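This report is written for a reader who meets the structure for the first time. Please look over the sequence and the model before reading on.

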Amino acid sequence: TCSATMDTLIAVGTSAAYVYSLVAVFIMAFTPPPAPYMMTFFETGVFIIFFVFVGRLLEKIAQGKTSDAIVALMSLQAPHAELLVAHADDLALLDTLHRVQRRRGGGGDDDEDD
């Protein structure tokens, strides 16, 4: 299905401002004196498109920083965990643990699935 997005709204708005301004310039140019004064909006479309591009640039920069922060957080994960098996404490690599295995909570934490 085809649906309108914010890009469509910007394109329609800036195109309308540009077409209106062209018509206004031609009316003022080809009307005999005293020619009516009509406002033009050529710069409006330019500024709207400029601000949209700057917004998208800032969004991409923020996404890059967010991705870097997530990678940094993932590197903080502990490589080992205590595994309770038949009441014996063992040290296991996190990669070898399964999601259904229980962990020993520390500092009052309840046991939960990891």
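The text below goes from the overall fold to the first helix, a salt bridge, a nonpolar patch and the aromatic pairs.

**Overall fold**

The model is predicted. The protein contains 2 helices and 2 strands, and their order along the sequence is α-α-β-β. It has 114 residues, of which 8% count as buried. When contacts between residues at least 6 apart in sequence are considered, 12% of them join residues at least 24 apart.

**Helix H1 and its buried residues**

Helix H1 covers residues 6-30. With 25 residues, H1 spans 36 Å from its first C-alpha to its last, close to the 36 Å expected at 1.5 Å a residue. Which residues of H1 are buried? They are Ile 10, Thr 14, Ala 17, Ser 21 and Ala 24, and the buried residues of H1 pack against H2.

Neighbours within four places in sequence aside, Thr 14 is in contact with Gly 45, Ile 48 and Ile 49.

**A salt bridge between the helices**

Side chains of opposite charge can pair when their charged atoms come close. The count of salt bridges is 1. Arg 56 forms a salt bridge with Asp 7, and the closest N and O atoms are 2.1 Å apart. Arg 56 belongs to helix H2 (residues 42-74) and Asp 7 to helix H1, so the pair ties together parts that are 49 residues apart in sequence. Arg 56 is partly exposed at 38% relative accessibility, and Asp 7 is partly exposed at 42%.

A nonpolar surface patch of about 810 Å² includes Tyr 18, Leu 22, Phe 26, Phe 30 and Phe 42 among its residues. The element that gives the most to this patch is H1, with 8 residues.

**Aromatic pairs**

How many aromatic pairs does a search of the whole structure find? The search finds 5. One of them joins Tyr 18 and Phe 42 in an edge-to-face arrangement. Tyr 18 lies in helix H1 and Phe 42 in helix H2, so this pair ties together parts that are 24 residues apart in sequence. The rings of Phe 47 and Phe 51 also pair, and with their planes at 25° the pair is stacked. The table sets out the geometry of these two pairs.

| Aromatic pair | Centre to centre | Angle between planes | Type |
|---|---|---|---|
| Tyr 18 and Phe 42 | 5.6 Å | 75° | edge-to-face |
| Phe 47 and Phe 51 | 6.3 Å | 25° | stacked |

Phe 47 and Phe 51 both lie in helix H2, 4 residues apart, about one turn of the helix. Ring pairs also link Phe 47, Phe 50 and Phe 51 into a cluster.

Phe 47 is partly exposed at 47%, whereas Phe 51, at 55% relative accessibility, counts as exposed.

Methods. Residues numbered from 1 in each chain as written. Predicted model: local features only at pLDDT ≥ 70, side-chain atom pairs only at ≥ 80, totals over all residues. Heavy atoms only, no water. Contact = heavy atoms within 4.5 Å. Buried < 20%, exposed > 50% of the residue type's maximum accessible area, 1.4 Å probe, protein only. Salt bridge = Lys/Arg side-chain N within 4 Å of Asp/Glu carboxyl O. Expected span 1.5 Å × (residues − 1). Patch = residues over 30% accessible without salt bridge, like charges linked within 9 Å, V, L, I, M, F, W, Y side chains within 5 Å. Areas by Shrake-Rupley, 256 points an atom, 1.4 Å probe, with all protein chains shown as cover. Phe/Tyr/Trp six-rings, centres within 6.5 Å; stacked < 30°, edge-to-face > 60°.
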